[in-house]
Amino acid sequence: MGLDIIRNQIKNILINEYSFDQLYKEFDTKYMHIEKYNFKYKITQKYKKLKLETAILLALFKYEDKFYTTTEISKIINEEILENSLKHKDNISRYFNQRFYPYYDVEYEEEKQISKYKINYTGISQIKYLLEHM
């Protein structure tokens, strides 16, 4: 009864006995056709009004590949995310200094004594959820 279901699902199993690269390639070839996997979240519009946290998440999600200072984040938000209202660098700094947020990775540059921020996987999940419900 239940074994037939398991037998039929065996063809969907990925063998994890090789390198990460080989596993990733196998996953790509097997599941690339699935719409959810193929879907890319793109930020193509400017928003009239957003909460500071949402604006920061959007800015870092748009450029998720590197770390940014609060000044750089502010510039991205003001030029590419928001239409009218501006988010000041000091408010973004205050936001990060208020408490720990699980959405970001922090990199501290000792010689310049500045913190840089990058969205992490928790933040990516959060912004995807917000984009689906905006």
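Is Thr122 buried, exposed or partly exposed? Thr122 is partly exposed, at a relative accessible area of 42%, where buried means under 20%, exposed over 50% and partly exposed in between (1.4 Å probe, protein chains only).

1. Basis of the model. This is a predicted model, in which local features need pLDDT of at least 70 and side-chain atom pairs count only at pLDDT 80 or more, while totals for chains, interfaces and linings use all residues. Residues are numbered from 1 along each chain as its sequence is written, and side-chain values use heavy atoms, with hydrogens and water left out.

2. Confidence. The mean pLDDT of the protein is 84, and 84% of its residues reach 70 or more, pLDDT being the predictor's confidence in each residue, from 0 to 100. Confidence is lowest in helix H3 (residues 35–38), with a mean of 45, and highest in strand E2 (residues 114–119), at 96.

3. Overall layout. The protein has seven helices and two strands, which from the N terminus on run α-α-α-α-α-α-β-β-α; helices (H or I, at least four residues) and strands (E, at least two) are DSSP runs, numbered from the N terminus. Buried residues make up 28% of the 134 residues. Among contacts (heavy atoms within 4.5 Å) between residues at least 6 apart in sequence, 49% join residues at least 24 apart.

4. Strand E1 (residues 104–109) is joined to E2 by six bridges, and the two run antiparallel; strands pair if DSSP finds at least two bridges between them. Val106 stands opposite Tyr117 in E2. Four residues lie between the strands of this hairpin, and Gln113, in the loop between E1 and E2, has a phi near 55°, a positive value in a residue other than glycine. At 59% relative accessibility, Gln113 counts as exposed.

5. The nonpolar core. Of the 27 residues in the largest nonpolar core, Ile56, Ile73, Ile81 and Tyr104 touch the most other members; such a core is a set of buried Ala, Val, Leu, Ile, Met, Phe, Trp, Tyr and Cys residues joined through side-chain atoms within 4.5 Å. Helix H4 (52–62), helix H5 (70–81), helix H6 (89–98), E2 and helix H7 (121–132) each supply at least two residues of this core, and the largest share, seven residues, comes from H4. Leaving aside neighbours within four places in sequence, Ile73 is in contact with Ile56, Ala59, Leu60, Tyr68, Ile92, Phe96 and Tyr117. In soluble globular proteins, nonpolar side chains tend to be buried together.

6. Helix H4 and its packing. H4 is mostly covered, with eight of its 11 residues buried, and what covers these buried residues includes H5, H6, E1, E2 and H7. The axes of H4 and H5 come within 9 Å and cross at roughly 90°, which makes H4 roughly perpendicular to H5. The axes are lines fitted to C-alpha atoms, for helices over the stretch in contact, with angles from 0 to 180 degrees between N-to-C directions, and 65 to 115 degrees counts as roughly perpendicular. The contact is made by Ala55, Ile56, Leu58, Ala59, Leu60 and Lys62 of H4 and by Ile73, Ile76, Ile77, Glu80 and Ile81 of H5.

7. Surroundings of Thr122. Thr122 has its place in helix H7 and, not counting residues up to four places away in sequence, touches Pro102 and Tyr103. Thr122 and Tyr101 are 21 residues apart in sequence and 9.9 Å apart in space, C-alpha to C-alpha.

Terms used
Parallel < 35°, antiparallel > 145°, perpendicular 65-115°, else oblique.
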